[in-house]
Amino acid sequence: MSIKEIMIYPAEVLKKRSEPVAVIDDEIRVLVDDMAETMYAAPGVGLAANQVGVTKRIAVIDIDHPEGESDLLVLINPEIVERSGEIEWEEGCLSFPDIHVKVLRSQKIRMTALNRDGEAYELEAEELLAVAIQHEIDHLDGITLANKVSFLQRKMMMRELKNRGN
Ligand code: NI
């Protein structure tokens, strides 16, 4: 396994829509493992493949990790099939170091995806997990936190990222 370089906004690859994964083979499994290792090392609670430069519809999430537990969720070709309610959450993103913005999301979702072994599964999630899943699926569609804020906020975000040498 290896830790990959995380792309920082406004890297072009973050704005690209990712392609579905056709076959889950060893190459994909290595990518999934590298993504998990990269997320844990960062540390972060979620990472999409295009954040490490690969435009495939793959994401990893582990919202329990900061508490010391590990419960890795692998999302390959994920789809949200049902959503309800609204929740505002202050979100961060590994591609926007030290930036946090309030985003409005669905409070509860139902998602289908394939796991690391290529098996289909369905998951109901709410609050933080629902927010994390929506955030990562946005990445797969080329949508980032920069798309979730006003023009003025985006300018401030860009300036902050630039000042930090990114
Ligand atoms: Ni993110």
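## Two histidines on one helix

Let's start at helix 2, which covers residues 127–140. His 135 and His 139 both sit in this helix, four residues apart, and that spacing is about one turn of the helix. Are these two histidines buried or exposed? Both His 135 and His 139 are buried. One thing to keep in mind while you look around: this is a predicted model.

## The nickel ion

What holds the nickel ion on the protein side? The donors are the SG atom of Cys 93 plus the NE2 atoms of His 135 and His 139. These donor atoms lie 2.1 to 2.2 Å from the nickel ion.

If you want to find the donors along the chain, look for the spacing C-x41-H-x3-H.

## The overall build

Now step back to the whole chain. The protein has three helices and seven strands. Reading from the N terminus, the order is α-β-β-β-β-β-β-β-α-α. The radius of gyration is 15 Å, close to the 15 Å that the globule rule gives for 166 residues, so the protein is as compact as a globular protein of that length. Along its principal axes, the C-alpha trace spans about 45 × 35 × 35 Å.

How much of the protein is buried? Buried residues make up 43% of the 166 residues. As for contacts with a separation of 6 or more, 63% of them join residues 24 or more positions apart.

## A closer look at Val 103

You'll find Val 103 in strand 5, which runs over residues 101–105. Why does Val 103 count as buried? Its relative accessibility is 3%, and the cut-off for buried is under 20%.

Who are its contacts? Setting aside neighbours within four places in sequence, Val 103 touches Ile 87, Glu 88, Trp 89, Glu 91, Leu 145 and Lys 148.

## Surface and charge

On the charge side, the protein carries 19 positive and 31 negative charges.

Terms used. Residues numbered from 1 in each chain as written. Predicted model: local features only at pLDDT ≥ 70, side-chain atom pairs only at ≥ 80, totals over all residues. Heavy atoms only, no water. Rg over C-alpha atoms; globule rule 2.2 N^0.38 Å. Buried < 20%, exposed > 50% of the residue type's maximum accessible area, 1.4 Å probe, protein only. Contact = heavy atoms within 4.5 Å. Lys, Arg positive; Asp, Glu negative; His and termini not counted. Charge placed at Lys NZ, Arg CZ, Asp CG, Glu CD. Donors = N, O, S within 2.8 Å, 3.2 Å for Na, K, Ca; no water.
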